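Dear colleague,

Please read the notes with the structure open beside them.

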Amino acid sequence: MTEGNGVRPAGVLTPLRRNRFFYGKLMDTRHWELEQEYGIQSRRLVNRLGLGAGILCGLGVRIGDGGTVCIDPGVAVDACGREIVVGETVSLSRVDQPTDDCAHPIGDPVRNGPVTIWLCYHECGSEYTRLTGGDCGHREKCVPGLLDERFALRIGAGPPDRQPGLTADACQSIFPGDPQGPPRRQVVASLLAGPCTDRADSCVPIATVSLDDAGAATAVGVDYRTPLYSNQELFDLLMCLAARVEECCQHQATQLAPRVMEVWPPLAGGIAEEDLRAFSEEARLEIVFERAMKESEFDQTDGWLGVWQVGGGKVARLPLRRSDAPAAHVRPRPGEEVVVFEVTVDRERNDRDLAFVVMIHATPGGGIVAGDDGAALDADFAGTGLTEADRAELWKLPADGRVLPSGVGDHVISGAPVPVLPSGDRSAGGDLHGAAARAQVAVLPAPELEHVWPAGAATLSQSNAPEEIRRFFEHPRLEIVVSRAIADASLKDVDPWLRVYRASRDGQIFGFTAIVARFAGATTDEAGAVTITVDLDPEALSGGQAEVLVVIRPEGAPPGAEPVGVDSPPDLLDADFAGTSLTTDTVMAILDGQLDLTDHLDNLGALPTEGATLHDGTPGGLVHYSFTVLGSAT
């Protein structure tokens, strides 16, 4: 098809023309070409101005064996609106020599610098037929009966002139942070009111490739690549954004009563001798609040905060004064507030039953309240054996350090396990009472993750399988061995700290689907280790090969659902093992519900858990590992 036959050049903005039919109309070559061209050009016009130029799917670029650069199958739209289909993997043995669209060398080879691989639209004639006669008496030996819409690859020296997307200045113009500026719709309309004509170069950049001094490919970059998203994908992104906005706005509108997050000295009852000695010598009380509190209350603590030194049948309420010194023992997180108080400790008293009692009393509408909305502190925390009468007796003492006889020291240490901060039952007000006491307490290590089954990097197949694996296909499950018992509340619903997913694959892994996992039982061996059985939904493992991702994050559980030890101290489960190629940020995003990966993976890079240590000696942590199931569970 030529311009002389009435066909418009690709990408030129001209009015469309179509056939008008009537009885006896002669359909010659020109009119048949016009008939085809109307549909082709109208589609390309919408592609060019509606979708834009870029990549619809696939066309991944990677460095293969022997330094070749491989381009995966895929579809793109060029700047003229033409679809370009690459139907099979293309391998380029060298990319250091710039070329034109026909692969003819242009210029010198590139060394130690980037090149750009461009995908171009290319038409090829096929099914050639001998022509018996042409227009105006012109004769040709043969002509193509078909036009194949193919592709060509061009290699250009250096990167493209500019990266896709709006510039930083354009974004600043749209979102200036000034509510008095021009209307945003007006700004966007002026910025995006571009011409209708195409770029001079209609080819699509699909990747840049970095070369070393020898011209060998070392890395692939996608900064200049423009993906074209479907309406469904854009709608899904808008739904995600809307959910985040609603979550943010609701959180701001309905803030919960602030809690006490951490205290120094640790209110754990009997604490290590060195910690008790450090508090006596430093004489500083450090408190972390969940958010900023009313500042004036920190200078008037008598009505809501107190510290008592107890022991030897005597008690004294110690004077407090706010300090400007930075915290040395607590670690506040973003948004939390830490306050330090100097405590006048009687260092001469070093009784065998020495204890320091800390108490906070909060009431709605007064005392210690949040600085922004006036919500009273949520202070509920019962960490001593002191009765209500004992606590009332202590509050009556003046904060002047006078030593008085008292029998409350017998009640400081509670027989029950001391709870774990933060405080609160999520209602404003309440009482906090905890103690740092001298006591010989056998401190157990945190419960540790010792073993998992199926093991990381294992492949479970029904063919020639031992009995244990055959039973997995009949009853899909996980078995998790923990060094000592954890709280029953965390076993009723394991979802807050244990998640299971199936990898979603279309050639490459592009995301994950959650698998329902339910607690099925627990058994304890003679050494005290507990095997926890978690049933998996068999339907989620049907349909052939399943790559299973297991994530354990003890710190992800809300208060009351944490996997903590049932014996004192009630530390979080210690679980640490990076058993896949996923980054920590990616794993956390998956736990937050972002199940589609930003970058697709060839595999999960599973590492074996057998023989590996699955904890690091610190409560909490993150475990992720993977195994493969061949065949469907029944």
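A salt bridge here is a side-chain nitrogen of Lys or Arg within 4 Å of a carboxyl oxygen of Asp or Glu, and the structure holds 21 salt bridges. This is a predicted model, in which local features need pLDDT of at least 70 and side-chain atom pairs count only at pLDDT 80 or more, while totals for chains, interfaces and linings use all residues. Residues are numbered from 1 along each chain as its sequence is written, and side-chain values use heavy atoms, with hydrogens and water left out.

One of the salt bridges joins R438 and E273, whose closest N and O atoms are 3.0 Å apart. R438 lies in strand 21 (residues 430–438) and E273 in helix 5 (residues 273–282), so this pair ties together parts that are 165 residues apart in sequence; helices (H or I, at least four residues) and strands (E, at least two) are DSSP runs, numbered from the N terminus.

D78 forms a salt bridge with R82, with 2.8 Å between the closest N and O atoms, and both D78 and R82 are buried, where buried means under 20% relative accessible area, exposed over 50% and partly exposed in between (1.4 Å probe, protein chains only).

R484, in the loop between strand 24 (477–482) and helix 8 (489–492), is buried yet has no salt bridge, and the nearest side chain of opposite charge, D567, is 4.3 Å away. A polar atom of the R484 side chain does lie 2.9 Å from the backbone oxygen of P445.

On the surface, L241 of helix 4 (residues 231–253) is exposed, at a relative accessible area of 52%.

Methods: Lys, Arg positive; Asp, Glu negative; His and termini not counted. Polar contact = N/O pair within 3.5 Å; in protein donor to acceptor, adjacent residues only side chain to side chain.
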